[in-house]
Amino acid sequence: MNPFQKNESKETLFSPVSIEEVPPRPPSPPKKPSPTICGSNYPLSIAFIVVNEFCERFSYYGMKAVLILYFLYFLHWNEDTSTSIYHAFSSLCYFTPILGAAIADSWLGKFKTIIYLSLVYVLGHVIKSLGALPILGGQVVHTVLSLIGLSLIALGTGGIKPCVAAFGGDQFEEKHAEERTRYFSVFYLSINAGSLISTFITPMLRDVQCFGEDCYALAFGVPGLLMVIALVVFAMGSKIYNKPPPEGNIVAQVFKCIWFAISNRFKNRSGDIPKRQHWLDWAAEKYPKQLIMDVKALTRVLFLYIPLPMFWALLDQQGSRWTLQAIRMNRNLGFFVLQPDQMQVLNPLLVLIFIPLFDFVIYRLVSKCGINFSSLRKMAVGMILACLAFAVAAAVEIKINEMAPAQPGPQEVFLQVLNLADDEVKVTVVGNENNSLLIESIKSFQKTPHYSKLHLKTKSQDFHFHLKYHNLSLYTEHSVQEKNWYSLVIREDGNSISSMMVKDTESRTTNGMTTVRFVNTLHKDVNISLSTDTSLNVGEDYGVSAYRTVQRGEYPAVHCRTEDKNFSLNLGLLDFGAAYLFVITNNTNQGLQAWKIEDIPANKMSIAWQLPQYALVTAGEVMFSVTGLEFSYSQAPSSMKSVLQAAWLLTIAVGNIIVLVVAQFSGLVQWAEFILFSCLLLVICLIFSIMGYYYVPVKTEDMRGPADKHIPHIQGNMIKLETKKTKL
């Protein structure tokens, strides 16, 4: 989770720094005192803002928690495409704050920007929820609606991100700076509370069955409702807000200053013109000295930002690759059954635990040991912890693959034989060259322990089967295609036997879902009710149903009926990730019953094995994210804090683009991709450490210069720096 970090300044993301001559404003009429909370120095208006932020964060993180599974199961995209679109959306959410802040600071002001973009936000949720309704059009309609909804949500959440916290700061008078600082702490708490609750509740809403499958419309609709509440609550405080007018865009001024310096230097590249100490000094003809000094300090910090996107590339995969890993694990903890997307709740939960733990325990112990644990060192250690987290994730992935069933390769098929006759059958598989590929004796209703691998000469091939039953010998032929699983079903046919080839599930796993299918040996069609919304019909005389997804759990009495009879079948435990075949038979002694075969074994590795990687990456986040912004603000003048926040959010956006590119074009298996990310961040950490070693911290008192003056040529006005180096 990368919540909007608290900023103890009243500025928006792009706070105003005026460099133009502005005519004096007429004196403002005296303001009425704003109502306060219980007679304290806290304005009543901040209560509306904090509630708004809680609901908005609930809306955003709740929707995002189930997003990757929505792509995978509802839109039926593959894992790489799902991951790419997920991170494209995340990246857009961190690019749009630039637009939102520009609108707020240059045009509408914070209040109107929040109102208008919240309406866009709500509209995005509505369209996204409609796109999750199975009854509304086909897959093309669902895809188009989903992408439109996500684009509007990204514009809404990103656009209001830089405005809400700063608008809360605007409600305080300058003399109440201490109360404003506490407000930002409560504001940050509301972010984590909204994230924590939503990432736990929304997957439970998704798990509700509607239209015969997971109810993604409900999982998206409830966060959308929370966003409506957020908008209504925020609008309710309209009459008591302090609404400062827009005052200009500092980021635009910074870019103009840098561009003018570069273009001016290019124009004056003659050797006759005296050189200047810093390339930004070439902006002195147009821009005030103080702004130039502030931009110099800013560029020194932004240089350290270059390696940062790689950390975010790893951190933000909790909602994508790690969730996809969780669906192939056993989520039964004994006392509670977790949804795969609920594991993300560990991040905000551990953040709330780790921040005080690190601040009051770990950092103080390190300090007492005489170790200078500087901000840059903390950030480097945070990167190393994220590297270790992905190394652990790779180890878990390898173990999952070892426990998973084998995958048939090119020119290979897997075959199992199901003998539903009343006596033993000897099966011989004969190839094109009359060579025996498989010889096996199968007893009546014998459960074969595994599939047999058969090699093909081409991508598809006809196999000849010799079946020996009692004194009868039968020959039959069936066609198969490479990279598939097949079941040869042998059945009674009067006094003889016959066979049919059934193609099994098309992938080696069921993507973590529990699936079932039925073979009906009765002479009448059977209707099977697996749940209130899920039923299927199986044809008479060895009809075979398609696979049907069901909820994991015990099924002791599944209601079934024929045209003249109702009965129940005991299916037993249907576990995570397994594919089951049930043969409905009529046993003379025991009546109607289901013979159960496990086509694909259940997930065996517990989801609890993901806890170490979540703990490591969250510890890395606390050391990297919180420390990084704190260090940035300490090294840049206050007028540049908003620009730093913009650059910080852009590093997150670029990090998500890195994941998108790797997922779409690397072609690596998952464990190798985890190792790749871990190694890349380790290299980046080394580069960052070298950059930090040569970085010279700026004294706080050296950030302020004399009053703004237009100076044609700057000589000897470099910021004084400490000569002490920061070693990593």
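Mentor: Let us begin with one residue. Tyrosine 695 is buried, as its relative accessible area is 6%; buried means under 20% relative accessible area, exposed over 50%, and partly exposed in between, with a 1.4 Å probe and protein chains only. Please note that this is a predicted model, in which local features need pLDDT of at least 70 and side-chain atom pairs count only at pLDDT 80 or more, while totals for chains, interfaces and linings use all residues. Residues are numbered from 1 along each chain as its sequence is written, and side-chain values use heavy atoms, with hydrogens and water left out.

Trainee: Which residue forms an aromatic pair with tyrosine 695?

Mentor: Rings of Phe, Tyr and Trp (its six-membered ring) pair if their centres lie within 6.5 Å; planes under 30 degrees apart count as stacked, over 60 as edge-to-face and the rest as tilted. Here the partner is phenylalanine 631, in an edge-to-face pair with 5.7 Å centre to centre and 65° between the planes. Phenylalanine 631 lies in helix 14 (residues 611-635) and tyrosine 695 in the segment after helix 16 (670-693), so the pair ties together parts 64 residues apart in sequence. Helices (H or I, at least four residues) and strands (E, at least two) are DSSP runs, numbered from the N terminus. Phenylalanine 631 counts as buried because its relative accessibility is 9%.

Trainee: How many aromatic pairs does the structure hold?

Mentor: The structure holds 39 aromatic pairs. One of them is edge-to-face between phenylalanine 167 and tyrosine 241, at 5.1 Å centre to centre and 75° between the planes. This pair links distant parts of the chain, 74 residues apart: phenylalanine 167 is in helix 5 (residues 139-169), and tyrosine 241 is in the loop between helix 7 and helix 8 (250-267). Both phenylalanine 167 and tyrosine 241 are buried. Ring pairs also link Tyr70, Phe71, Phe74, Trp77, Tyr216 and Phe220 into a cluster.

Trainee: Are helix 9 and helix 15 roughly parallel or roughly antiparallel?

Mentor: Their axes cross at roughly 15° and come within 11 Å, and helix 9 and helix 15 are therefore roughly parallel. Leu298, Val301, Leu302 and Tyr305 in helix 9 meet Val643, Leu644, Ala647, Trp648 and Thr651 in helix 15.

Trainee: Where is threonine 448 placed?

Mentor: Threonine 448 is in the loop between strand 5 (436-442) and strand 6 (452-455). Leaving aside residues up to four places away in sequence, threonine 448 touches Gln416, Val417 and Ile442.

Trainee: What does the whole chain come to?

Mentor: The protein chain has 16 helices and 21 strands, and 54% of its 728 residues count as buried.

Definitions and conventions
Contact = heavy atoms within 4.5 Å. Axes fitted to C-alpha atoms, helices over the stretch in contact; angles between N-to-C directions. Parallel < 35°, antiparallel > 145°, perpendicular 65-115°, else oblique.
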